[in-house]
Amino acid sequence: MSKVLALSFGRKMSNTDVFLKEVLLKCQEAGHEIKFLRPDDLDIKPCTGCCGCVVGIMSGRTNGTCIHKDDFHIVEDAYYDADCVLIGSPVYETSPSGTFKTFCDRMGPSHDISFLTEAKKERLARGGENVLLPDERAFKPRIGCLVAVGGARTENWTIMTIPIMYESMMSAGVDVIDTHVYYGAMNVQHILGVPEEMARADRMAENVIAALAAKTDEERTKWRGESEGACPVCHQSMFRVHPGSDRVECVICGIEGKVLMKAGSFHYEFSESEQARSRLTYAGKLEHRNEIADGAMTQKKVENLKALKEKYLHVGE
Ligand SMILES: Cc1cc2nc3c(=O)[nH]c(=O)nc-3n(C[C@H](O)[C@H](O)[C@H](O)COP(=O)(O)O)c2cc1C
């Protein structure tokens, strides 16, 4: 038996809630323990950008403790307990909701498995009594699914939602196995009156159940979504193009490839080494962790910063 958690950022008992609850019910029928949380009903404060969590991890003083004393620990605890995390957000202005983004920022560096793994190694190597080690559950392998619900009748108006939603899985190193966008969810047409969407929720549940039953890591984390997508790592198709060249970058993975024209259609090629450094992989996260650790040590302090700021202090007030 595994633990399946769903986090919904939609309206209470509306489309996102019900899609996720349908997946949960099927998982429960298959013998898994389920939990449903609505972070919007909790007091979760936005990140202030103080970087106290990063400094705490890198200095060895904390495990990424946040300055806020709020309800975030409720979601964090459930996330750490889970073997599978389902996250759903409504589409607002083509993207996930603001509270979803707040959640991602709070899950950011403080829950990054590369930050925590390196911290654990360094602290164990240093030794001594009462060594402060990260919560072991941070290192537990997890799978995840992302669901976006948009009211617009064209999928185009949901376009940035799933790519941005990968942020909620990235730091903790969750392997996303399926994503789905339900668009055209007008107020009058609740998902409970749309059998094909309820059936899609059931297929997502089947994917979760199959992944949780897998005997190997490869089988557990393999992509089970309904389209292959153009990026071989995240299976989404959102690239930044570089005009005047054949370079493309996956906005989710941060890896670079080439676009080629074959028999009248575009093909995208990403080398093995680029795929290995996707920020969805441990190596990709470690690369970023190391650049931050290096920056903290080597960046030069600006001389006379206080005096230089003086000119800008009350501009436009
Ligand atoms: C502020 C706001 C912005 C929205 N922007 C979009 C949008 O860009 N694209 C879209 O498809 N739907 C948009 N919608 C519609 C919601 O995505 C839709 O109501 C959806 O059903 C919400 O999910 P829920 O039913 O689970 O709460 C917007 C709704 C609100 C309140």
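How many residues of the shell around the ligand are nonpolar, polar and charged? Here are some friendly notes on that and on the folds around it.

1. Some ground rules come first. This is a predicted model, where local features need pLDDT of at least 70 and side-chain atom pairs count only at pLDDT 80 or more, while totals for chains, interfaces and linings use all residues. Residues are numbered from 1 along each chain as its sequence is written.

2. On the opening question, the shell around the ligand holds 8 nonpolar, 8 polar and 2 charged residues. (Ala, Val, Leu, Ile, Met, Phe, Trp, Tyr, Cys and Pro count as nonpolar, Asp, Glu, Lys and Arg as charged, and the others, Gly among them, as polar.) The ligand is surrounded by 18 residues, the closest being Gly10, Pro90, Gly150, Gly151 and Ala152; a residue is near a molecule if its C-beta atom, placed from the backbone, lies within 6 Å of it. At least two shell residues come from each of helix H1 (15-29) and strand E4 (143-150). Helices (H or I, at least four residues) and strands (E, at least two) are DSSP runs, numbered from the N terminus.

3. H1 also packs against helix H8 (residues 195-212), at about 45° and with the axes 8 Å apart. (Axes are lines fitted to C-alpha atoms, for helices over the stretch in contact, and angles run from 0 to 180 degrees between N-to-C directions.) From H1, Phe19, Glu22, Val23, Lys26 and Cys27 make the contact, and H8 contributes residues including Glu197, Met198 and Ala201; contact requires C-beta atoms, placed from the backbone, within 7 Å. By class, this contact has 9 nonpolar, no polar and 4 charged residues.

4. Now for the parallel sheet. Its 5 strands form an open sheet in the order E2-E1-E3-E4-E5; strands pair if DSSP finds at least two bridges between them. Strands E2 (33-37) and E5 (175-183) are at the edges with a single partner strand each, so one side of each lacks a neighbour in the sheet. The twist averages 15° from one strand to the next. H1 packs on this sheet, touching E1, E2, E3, E4 and E5, and its direction makes about 175° with that of E1.

5. A second open sheet has 4 antiparallel strands, ordered E6-E7-E8-E9. Its twist averages 40° from one strand to the next. E6 and strand E7 (residues 247-250) pair over 3 bridges, and Val241 stands opposite Val248 in E7.

Note on methods: Contact = placed C-beta atoms within 7 Å.
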